[in-house]
Amino acid sequence: MRFMVMVKATKESEAGVLPDTKLLTEMGKFNEELVKAGVMLAGEGLQASSKGARVRFSGAKRTVIDGPFTETKELVAGFWLWQVKSLAEAIEWVKRCPNPMTGESEIEIRQVFEAEDFGP
């Protein structure tokens, strides 16, 4: 099973505040564990939404909305793509993760659809 594991953005991450050296070192060690265990398929931090855009679809119409986006609790600051046996295993890995932000933070775990989920 593959899971997208998303680090939710905070006001600090949206302001472009980078993690300190200690957190970067801890996160690097955690990522090494994931790779050695064969869990991590991909993982990256994302720039603030001020450097991004959204495209809104309404029928055939496309509207581009430039960042920043105001609601930080709905934004993603970084992600991993993991291959694990179950949601429970993904949760156990997340519980071992260093806190990705300096204050309170949240990590969301979502299963990725596989081709067989859609039937024949």
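This is a predicted model: local features need pLDDT of at least 70, side-chain atom pairs count only at pLDDT 80 or more; totals for chains, interfaces and linings use all residues.
Residues are numbered from 1 along each chain as its sequence is written. Local features need pLDDT of at least 70, side-chain atom pairs count only at pLDDT 80 or more, and side-chain values use heavy atoms, without hydrogens or water.

**Exercise 1. Classify the pair of Phe-30 and Trp-80, then the pair of Trp-80 and Trp-82.**

Step 1. Set the rule: rings of Phe, Tyr and Trp (its six-membered ring) pair if their centres lie within 6.5 Å; planes under 30 degrees apart are stacked, over 60 edge-to-face, the rest tilted. By this rule the count comes to five aromatic pairs.

Step 2. Phe-30 and Trp-80 lie 5.9 Å apart, centre to centre, with 80 degrees between the planes: edge-to-face.

Step 3. Phe-30 lies in helix H2 (residues 21-36) and Trp-80 in strand S5 (residues 76-83), so the pair ties together parts that are 50 residues apart in sequence. Helices (H or I, at least four residues) and strands (E, at least two) are DSSP runs, numbered from the N terminus.

Step 4. Trp-80 and Trp-82 give 5.5 Å and 40 degrees: tilted.

Step 5. Check burial (under 20% relative accessible area, 1.4 Å probe, protein chains only). Trp-80 is buried at 6%, and Trp-82 at 0%. Phe-30 is buried too.

**Exercise 2. Which rings do the charged ends of Arg-54 and Arg-96 sit over?**

Step 1. Apply the test: NZ of Lys or CZ of Arg within 6 Å of the ring centre and within 35 degrees of the ring normal.

Step 2. Arg-54 sits over Phe-69, 3.9 Å from the ring centre.

Step 3. Arg-96 sits over Trp-93, at 4.3 Å.

How values were computed: Buried means under 20% relative accessible area, exposed over 50%, partly exposed in between (1.4 Å probe, protein chains only).
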